Structure formats: C-alpha cells, structure tokens
Amino acid sequence: MQLGIKHGLAVLAIAALPTTWVMAQVNDYGVTPALLAWVQGQWGEAAKARVEAWPKAMQETNQLQPDELEKLIRANDFFNQVRWLSDQEHWAKEDYWATPIETLATNAGDCEDFSIGKYFTLHYTQLDPNKLRITYVKALEYNQAHMVLAYYPSPSAEPLILDNINKTILPASQRTDLFPIYSFNGDGLWLAKSRDKKLTGDSEKSLPQWREVNERMLREAAIE
C-alpha cells in the first residue's frame, strides 16, 4: 500500500460513499455474463475463470447459511489467495484502489484491494455491513501504512481483524503489530479512538479512492 500515514491523517475529515446504492443495482453479485465476456477480452480466459469463481463461492455461502464467523473465514481465505503486488508495479500509480473484479481478473492486489474484496463479499453474503469497517492502520513491524477489515459482532464488542499479512482472523487485542488510525464503511468514517462517534457522513466530500471504487463497480455492472 502506497498511501502514507500523513496522507491518511489528512483525509480524516472525509467519509465513505454509501454502498447501498451500489449493492441495490447489481445482479448475480455484480458478475453478469456480459461482464465475464469483457473480463475475458481484457485479461484472458484464466482471468474470467477467477472472476467466475467469486459469485460461485458467495452463492455457496448463501446456500449453506453458515454462522458469521464462517462467513468471515470464507471471505478472508478467498481474497487472501490473490498475490500481493504494489500499486506502482500493478497499475503504475502511487495509490489505486481496485474493484474486486479488477483484483481477481489480474490476480493481484495490495492490502486495500483485499480489504475491499472481503467487505463486498461479506455484504453480498448477507452479513450486516454495519458490522464491517475497512480500517486504516500502521503495521508496526513494517513501519508502513496498511489496511485491514474489522468485524464488530456488536457495536461495543472487540473487533475481529481480517488481514493479508497475518491471515488468521484474530481479535484486535491480539494484533499488537497494528496501530489503528481510522475506519470507514458505506455509512461513514470514524477515528480509531472514538469508534462510536462518526466523524462525517457526507458522501459527496468523501474519500476519493473509495468513491471511485464504487463508481467503477457501477460501470462494471452496466457492461452489456
């Protein structure tokens, strides 16, 4: 992840774009036959197969109706299969947040891409999105910015952390290698030290990378 801590602090006054408008406008988990054909044309047959596996995995989860912990494990494992690649190497950009389709099609991503993929997977598999927050942290052992997905069983509960560095889902108290800074989801943005106090919900002045991910997902869903 190329987003620096100072840059992260600079955007603490912005919020996340609500994802309900995205989720309400896609069918088949957003993976339509037209989208699969487009993926194949852009990245080849192997890319199409990787993307096609995503809705199949989510459909299986919904059919099995597992408990929430099992849903977390399934989403975490699915996106942790993807290889890590820096944005500079991958997209020739300092910081690029990919859609789940882009991540799977290219079989590469970094921490924010994995967190976004897990977030939407859990959203699609009927886990309450209010329990999920994409969380901006500092990875202390690497002395660099990092992003994980946090799951709160209840508003006051200790969150569980879904990560690509340590791929085991653990309570936040056991992730002493991470220093949380802020978190966000489709409804707003919170400081780590005041998680019950939403900073803002103004989606029009939101984190631009998050807004752009949602906009690209809509464009993907509209491919014919």
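In this predicted model, helix H4 covers residues 45–64. H4 has 20 residues, and at 1.5 Å a residue these should span 28 Å. The end C-alpha atoms of H4 are 29 Å apart, which agrees.

The buried residues of H4 are Ala47, Val51, Trp54, Pro55, Met58, Thr61 and Asn62. Seen down the helix axis, they fall within an arc of 120°, so they line one face of H4. The face turned away from this buried side carries the exposed residues Lys56, Gln63 and Leu64. Several helices take part in covering the buried residues of H4. Among them are H3, H5 (68–79), H7 (100–106) and H8. Just after H4, Gln65 takes a positive phi of about 50°.

Trp54 deserves a separate description. Its relative accessibility is 2%, so Trp54 counts as buried, the cut-off being under 20%. Leaving aside neighbours within four places in sequence, Trp54 is in contact with Tyr29, Val31, Phe78, Phe79, Pro100, Ile101, Leu104, Thr121 and Tyr124. Trp54 is also one of the residues with the most contacts inside the largest nonpolar core, together with Phe184 and Trp210. That core has 43 residues. Helix H8 gives the most to this core, with seven residues. A second, separate core has seven residues, including Ala139, Val148, Tyr152 and Leu178.

Aromatic pairs were examined next. The count comes to 13 aromatic pairs. One of them joins Tyr29 and Tyr124 in an edge-to-face arrangement, with 5.8 Å centre to centre and 85° between the planes. This pair links distant parts of the chain, as the two residues are 95 residues apart. Tyr29 lies in the loop between helix H2 (20–23) and helix H3 (33–43), and Tyr124 lies in helix H8 (residues 111–124). Tyr124 has a relative accessibility of 11% and therefore counts as buried. Trp54 and Tyr124 form another edge-to-face pair, at 5.8 Å centre to centre and with 75° between the planes. Trp54 lies in H4 and Tyr124 in H8, so this pair ties together parts that are 70 residues apart in sequence.

Elsewhere, one aromatic cluster is formed by Trp97, Tyr119, Phe120, Tyr136, Tyr182, Phe184 and Trp210. Arg133 meets two rings. The charged end of Arg133 sits over the ring of Tyr152, 5.2 Å from its centre. Arg133 also lies over the face of Trp190, at 3.6 Å from the ring centre. Tyr152 itself belongs to the second core.

Helix H9 (residues 208–221) has 14 residues. H9 reaches 20 Å from its first C-alpha to its last, close to the 20 Å expected at 1.5 Å a residue. Buried residues in H9 are Gln209, Trp210, Val213, Asn214, Arg216, Met217, Leu218 and Glu220. Leaving aside neighbours within four places in sequence, Thr99 is in contact with Val213, Arg216, Met217 and Glu220. Thr99 is found in the loop between helix H6 (87–91) and H7. With a relative accessible area of 0%, Thr99 is buried.

Gln126 is not a glycine, yet has a positive phi of about 70°. Gln126 is found in the loop between H8 and strand S3 (132–139). Its relative accessible area is 60%, so Gln126 is exposed. Asn143 also has a positive phi, near 55°. The place of Asn143 is in the loop between S3 and strand S4 (144–151). At 56% relative accessibility, Asn143 counts as exposed.

Of its 224 residues, 53% count as buried. Among contacts with a separation of 6 or more, 66% are between residues 24 or more positions apart.

Notes:
Residues are numbered from 1 along each chain as its sequence is written. This is a predicted model: local features need pLDDT of at least 70, side-chain atom pairs count only at pLDDT 80 or more; totals for chains, interfaces and linings use all residues. Side-chain values use heavy atoms; hydrogens and water are left out. Rings of Phe, Tyr and Trp (its six-membered ring) pair if their centres lie within 6.5 Å; planes under 30 degrees apart count as stacked, over 60 as edge-to-face and the rest as tilted. Helices (H or I, at least four residues) and strands (E, at least two) are DSSP runs, numbered from the N terminus. Buried means under 20% relative accessible area, exposed over 50%, partly exposed in between (1.4 Å probe, protein chains only). A charge sits over a ring if NZ of Lys or CZ of Arg is within 6 Å of the ring centre and within 35 degrees of the ring normal. The expected span of a helix is 1.5 Å times one less than its number of residues. The arc is that of the directions from the helix axis to the C-beta atoms. Contact means heavy atoms within 4.5 Å. A nonpolar core is a set of buried Ala, Val, Leu, Ile, Met, Phe, Trp, Tyr and Cys residues joined through side-chain atoms within 4.5 Å.
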